[in-house]
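Keep the structure in view while reading.

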Amino acid sequence: MLALHEIPTAELALRKALSLDPRGAAAHVLLAFSRRDSGDVPGAIGELDAAMALGAGIGARRGKALFLLEAGRLQEARAEADKVLAAE
């Protein structure tokens, strides 16, 4: 649904998935991309933080670094990028 740019439908499905399994890190990651696509970068970053708190992999941190960079939050983006590099 995200690939088809059906953002409202995708978000509804992801929120339903999270209501069934609130610890679903993957759903938080996908919701982050959906929120970013709809222009809610702070919400997207929050979803990635939630995903990382639930054990999401390094890809979630990479996404957060990218979203921070796109938001012009350069120092925070660099800090996240440094964490990615340290983990690899």
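## Charged pairs

Glutamate 80 and lysine 83 form a salt bridge, with their closest N and O atoms 3.6 Å apart. The model is a predicted one. Both residues sit in helix α5, three residues apart, about one turn of the helix. Their cover is unlike. Glutamate 80 counts as buried because its relative accessibility is 6%, under the 20% cut-off. Lysine 83 is partly exposed, with a relative accessible area of 43%.

In total, the model has 10 salt bridges. One of them pairs arginine 36 with glutamate 70, and the closest N and O atoms are 2.7 Å apart. This pair links distant parts of the chain: arginine 36 belongs to helix α2, glutamate 70 to helix α4, and 34 residues separate them. Arginine 36 is partly exposed at a relative accessible area of 24%. Glutamate 70 is partly exposed too, at 44%.

Another salt bridge joins the side chains of aspartate 49 and lysine 64, at 2.7 Å from N to O. Aspartate 49 lies in helix α3 and lysine 64 in helix α4, so the bridge ties together parts 15 residues apart in sequence. Aspartate 49 is partly exposed, at 33% relative accessibility. Lysine 64 is buried, with a relative accessible area of 11%.

| Salt bridge | Closest N to O distance |
|---|---|
| Arginine 36 and glutamate 70 | 2.7 Å |
| Glutamate 80 and lysine 83 | 3.6 Å |

Which residues are linked in a network of salt bridges? They are Asp49, Arg61, Lys64, Glu80 and Lys83. Side chains of opposite charge can pair when their charged atoms come close.

## Helix α3

Helix α3 has 13 residues. From its first C-alpha to its last, α3 reaches 18 Å, close to the 18 Å expected at 1.5 Å a residue. At the start of α3, a side-chain oxygen of aspartate 40 comes to within 2.8 Å of the backbone nitrogen of glycine 43.

The buried residues of α3 are Val41, Gly43, Ala44, Ile45, Glu47, Leu48, Ala51 and Met52. They pack against α2 and α4.

Glutamate 47 deserves a separate look. Is glutamate 47 buried or exposed? Glutamate 47 is buried, because its relative accessible area of 10% falls under the 20% cut-off. Leaving aside residues up to four places away in sequence, glutamate 47 touches His28, Leu31, Ala32 and Arg35.

Glycine 55 follows α3 and has a positive phi, near 100°. Glycine 55 is placed in the loop between α3 (41-53) and α4 (58-70). At 59% relative accessibility, glycine 55 counts as exposed. Its C-alpha lies 21 Å from that of arginine 36, 19 residues away along the chain.

## Glutamate 11 in α1

Glutamate 11 is found in helix α1, which covers residues 7-20. Glutamate 11 is buried, with a relative accessible area of 15%. A polar contact of 3.0 Å joins its side chain to that of serine 34. Not counting residues up to four places away in sequence, glutamate 11 touches Leu31, Ser34, Arg35 and Ser38. Leu31 and Arg35 are also among the residues that glutamate 47 touches.

## Nonpolar side chains

Phenylalanine 33 is found in helix α2, residues 25-37. At 31% relative accessibility, phenylalanine 33 counts as partly exposed. How far apart are the C-alpha atoms of phenylalanine 33 and phenylalanine 67? The separation is 9.4 Å, although the two residues are 34 residues apart along the chain.

On the surface, Leu66, Leu69 and Leu74 form a nonpolar patch. Together these leucines have about 280 Å² of accessible area. Leucine 74 is found in helix α5, residues 74-87. Leucine 74 counts as exposed because its relative accessibility is 53%, over the 50% cut-off.

Note on methods
Residues numbered from 1 in each chain as written. Predicted model: local features only at pLDDT ≥ 70, side-chain atom pairs only at ≥ 80, totals over all residues. Heavy atoms only, no water. Helix = DSSP H or I, 4+ residues; strand = E, 2+ residues; numbered from the N terminus. Buried < 20%, exposed > 50% of the residue type's maximum accessible area, 1.4 Å probe, protein only. Expected span 1.5 Å × (residues − 1). Contact = heavy atoms within 4.5 Å. Polar contact = N/O pair within 3.5 Å; in protein donor to acceptor, adjacent residues only side chain to side chain. Patch = residues over 30% accessible without salt bridge, like charges linked within 9 Å, V, L, I, M, F, W, Y side chains within 5 Å. Areas by Shrake-Rupley, 256 points an atom, 1.4 Å probe, with all protein chains shown as cover. Salt bridge = Lys/Arg side-chain N within 4 Å of Asp/Glu carboxyl O.
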